Amino acid sequence: MAPSYDTLGFIGLGAMGEPMIGNVIRKMPNCQIQVYDISREALEKISAKHDKVRICSSSREVAEKSEVILSMVPEGSHVRSVYLTPDTGVLGLDASGKLLVDCSTIDTASSLEVREECLKKYPTAGFYDAPVSGGALGAEKGTLTFMVGCAEDDPKWPELQALLGMMGKSIVACGGPSLGLTAKLCNNYCSALIALATSEAMNIGMRAGMDPRVLANVFKTSTAQSAIAEKFNPVPGLSPEAPPSHGYQGGFKVQLMRKDFSLAVDTARRVGAKTVLSEVGLETYDKASKDPRCKDLDSRVVYRYLDGREDWLKDFDG
Ligand code: NAD
């Protein structure tokens with residue numbers, strides 16, 4: 001069931017934040033939504049789309065006027081700016097009793113710093129990391145997965161489930177502060193490497209003369225099976241609805257995957273986890289995100305970065 005807030009604030013109205021708010025508005029039609037973004041264009045776009053939203057002049061003003069505040073900005077530096085900037089940040093006012101939820105994918109150190117500052121100043125406020133998976137399409141459809149940095153016995157867990165349930169289908173308590181981010185970074189580390197391995201294997205098979213449709217079918221019932229091979233196959237034409245079959249347009253940008261992969265590698269170093277794929281994975285996503293053939297496109301474009309054949313169909317049909 002949707003919660004019954006009178007006021008809710010949202011900071012960061014980009015590819016993810018804008019459709020997430022759309023779902024909140026649909027589920028709580030009587031709630032006043034306060035929004036802020038540093039981009040004027042983003043603010044104009046949201047007010048043209050939803051007459052319910054009220055534009056604020058800073059993150060602090062959003063917080064002043066809202067019981068619960070969500071943020072969805074790109075990186076740790078932006079999250080620190082949203083919460084910690086003395087005169088304009090969320091924590092610049094008395095945030096006692098407020099629920100603050102950051103959904104950005106950022107480094108755990110920035111998230112823990114904001115949480116600590118929040119609890120030091122306002123012990124009755126709650127700050128949670130709750131990054132998401134599911135992309136802009138999941139944000140639009142309200143089917144996101146939220147990975148929440150708390151345990152199931154956290155007193156705010158029922159409220160967090162109801163709040164995030166307006167925008168997502170699967171809300172997972174990951175165990176404690178910053179562990180939502182850890183879950184997200186581990187997921188993307190794994191998914192980035194599976195996409196790379198699938199691209200390499202498909203490229204090897206095709207260059208050796210295989211029809212990629214046959215090879216993808218073999219993967220489906222063999223040990224190379226994965227969501228990437230079946231639903232997001234990096235070879236154009238194999239997963240008809242996925243970005244690789246549409247010029248790699250839409251989806252999850254290769255630069256964002258590079259950022260997440262790099263954050264996961266930093267985490268591995270911090271916790272002393274031995275890895276053998278991290279260096280080569282990072283170098284590949286770094287180079288692909290700067291390659292003009294790949295930049296701004298879906299991360300499965302690593303297949304193109306490997307010079308994989310994209311017009312393979314003409315070899316097989318007529
Ligand atoms: P985006 O660049 O489209 O939007 C971010 C918005 O934040 C922009 O409108 C920007 O102007 C605003 N912003 C930046 N700094 C700000 C500040 N200090 N105060 C207020 N607004 C500020 O990014 P996005 O794709 O929406 O991604 C947001 C986060 O979600 C990232 O951490 C990303 O890794 C994560 N994420 C993205 C996707 C995806 O498919 N796009 C999927 C899962 C997770």
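This is a predicted model: local features need pLDDT of at least 70, side-chain atom pairs count only at pLDDT 80 or more; totals for chains, interfaces and linings use all residues.
Hi everyone, let me begin with a definition: two strands pair if DSSP finds at least two bridges between them. Helices (H or I, at least four residues) and strands (E, at least two) are DSSP runs, numbered from the N terminus.

Residues are numbered from 1 along each chain as its sequence is written, and side-chain values use heavy atoms, with hydrogens and water left out.

Let's start with strand β4, residues 68-71. β4 pairs in parallel with strand β5 (residues 99-102) over four bridges, and there Ser71 has Asp102 as its bridge partner. From β4 to β5 the chain passes through helix α4 (residues 76-84), a right-handed β-α-β crossover; with the strands pointing away from the viewer, the path from the first strand over the helix to the second runs clockwise. Strand β1 (residues 7-11) also runs parallel to β4, joined by four bridges, with Phe10 partnered to Leu70.

Now for Lys184, in helix α8 (residues 179-207). An unreviewed UniProt entry places the feature "active site" here, though such annotations may be inferred rather than shown by experiment. Is Lys184 buried or exposed? Lys184 counts as buried because its relative accessibility is 5%, and buried means under 20% relative accessible area (1.4 Å probe, protein chains only). A polar atom of its side chain lies 2.9 Å from the backbone oxygen of Val132.

Conventions
Buried means under 20% relative accessible area, exposed over 50%, partly exposed in between (1.4 Å probe, protein chains only). A polar contact is a pair of N or O atoms within 3.5 Å; within protein, one must be able to donate a hydrogen and the other to accept it, and residues adjacent in sequence count only if both atoms are side-chain atoms.
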